[in-house]
Amino acid sequence: MKEFLENFSKMIDYGFLGVYRRQKMSEENVETRFVPALAKACGIGALLNLKYELFKDGKRILPETEFQIFKMFELPLEAIIDDLPEKYRDAVVESTSYYDVEALLEGTGNGKVIITEEGYIMLAESKLHASKDEMDQISEYNGQLIYEELCKGDYVKNRHFLEREENVYIPENAITQSEEQAKLIKAYPELFRMCYVKNTRTSLYRCKRCGMVLRENRIGVFSCVSKKCNAQLDKKIEIEMHGLGWVMSDIVARNIYYPGRLEQEIKEILEAGKEIGTVEQYTLWPGKYEGIYDTWDFKVQMNNGRTLLVDAKDVEHPHWIINDTREYLEGAEFIYIVPDDKTKIYLNQINDHASCAGKVQCLRVKELKKLIGVK
Ligand SMILES: [Zn+2]
């Protein structure tokens, strides 16, 4: 049942994220384009219909086309939930909040629809809110689910676990797991399941540049999760497998592992700043324990009275930094730190952008060093 519920939720959430994107495109008169979240929602609907035999009066219950998804959202969700066979209906009513959701779309008569107030309330929910305007809605949505799961347990300890190179691959055989790996699997089975995918290959290689397990989509053709690495893949390192195991998912790699490496660099600079006295003190992930998911990575108290809120960002497009939304704190300066290999053009695109200029700054690691006064 758990698997059904999880997929059902994703179908609804992806579907609505996709509808939102489709609506936005039509408002902005963008040519009709493929919306991955909508396609994915249709795929999940079709899969569930087949797997759980969800038929009523000879028709498939869940939506399988974009048109059917739009139609579903024009009614309160209880309509589709009530159509489900009893045990699935009861499970959805009991374990999710979808049954009370009113119509998210409203027809305007000329074949067009608008998003209702209820629809906007749904979009304000944290996992949808964080992903609705991102380029890759699905990856952001799943990253957010992982954050929420992390926040249920020992956030700091588990996040550090996912930032470490030795944990990009975990063998299945308990004897060859490290003590920490065995503990995480036992104490946080849900988190583990969300962050790792089962490996079916008999040999695996690690990227020499970033430490991540290399993907091998065709025999002998390797690629790294980070595109930057792909020019240097000839120096790959074979992983000692000890039988079957699990590989860290791309979503965790992008959302936690890579930012973690940059965070480590920043931490070292702040430590050096403390030693020479330019930094009075700093805290990691301020606000995490008050339940703020999307907080800054560091709050830095400088010796000269300045307060900096710093966030590590290793993303391909400046767009992701420009559109990043985070809690602001009165009297503090906001700084995004990006790796040294980002170009001046990349920085300028952010620093000159109307929504950033005068509010937030983007610096490379080397410029942060200068700011803190360390070499
Ligand atoms: Zn790599």
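## Basis

The model is predicted: local features need pLDDT of at least 70 and side-chain atom pairs count only at pLDDT 80 or more, while totals for chains, interfaces and linings use all residues. Residues are numbered from 1 along each chain as its sequence is written.

## Overall form

The protein has 15 helices and 16 strands. These elements are DSSP runs numbered from the N terminus, with helices being H or I of at least four residues and strands being E of at least two. The radius of gyration, taken over C-alpha atoms, is 23 Å, close to the 21 Å of the globule rule for 375 residues, so the protein is as compact as a globular protein of that length. The globule rule is 2.2 Å times the number of residues to the power 0.38.

The C-alpha trace spans about 75 × 55 × 40 Å along its principal axes. Of the 375 residues, 29% count as buried, meaning that 20 or more other C-beta atoms, placed from the backbone, lie within 10 Å of the residue's own. Among contacts between residues at least 6 apart in sequence, 59% join residues at least 24 apart; a contact requires C-beta atoms, placed from the backbone, within 7 Å.

## Domains 2 and 3

The domain assignment gives domain 1 (2-124), domain 2 (152-253) and domain 3 (256-372); such bounds come from an automatic or database assignment. The C-alpha centres of domain 2 and domain 3 lie 27 Å apart.

In domain 2, 10 residues are in contact with six residues of domain 3. On the domain 2 side, the elements giving two or more residues are α9 (155-163) and α12 (250-276). The largest share, five residues, comes from α9. The residues of this side divide into seven nonpolar (Ala, Val, Leu, Ile, Met, Phe, Trp, Tyr, Cys and Pro), one polar (the others, Gly among them) and two charged (Asp, Glu, Lys and Arg).

## Strand pairing

Three strands form an open antiparallel sheet in the order β5-β11-β6, where pairing requires at least two DSSP bridges between two strands. The edge strands, β5 (169-171) and β6 (196-199), each pair on one side only. β6 and β11 (residues 245-248) are joined by four bridges in the antiparallel sense, and Val197 has Val247 as its bridge partner in β11.

Strands β8 (residues 215-218) and β9 (residues 221-223) pair in the antiparallel sense over three bridges. Arg215 has Ser223 of β9 as its bridge partner. Two residues lie between the strands of this hairpin, in which Gly220 takes a positive phi near 80°.

Key:
Contact = placed C-beta atoms within 7 Å. Buried ≥ 20, exposed ≤ 12 C-beta atoms within 10 Å, placed from the backbone.
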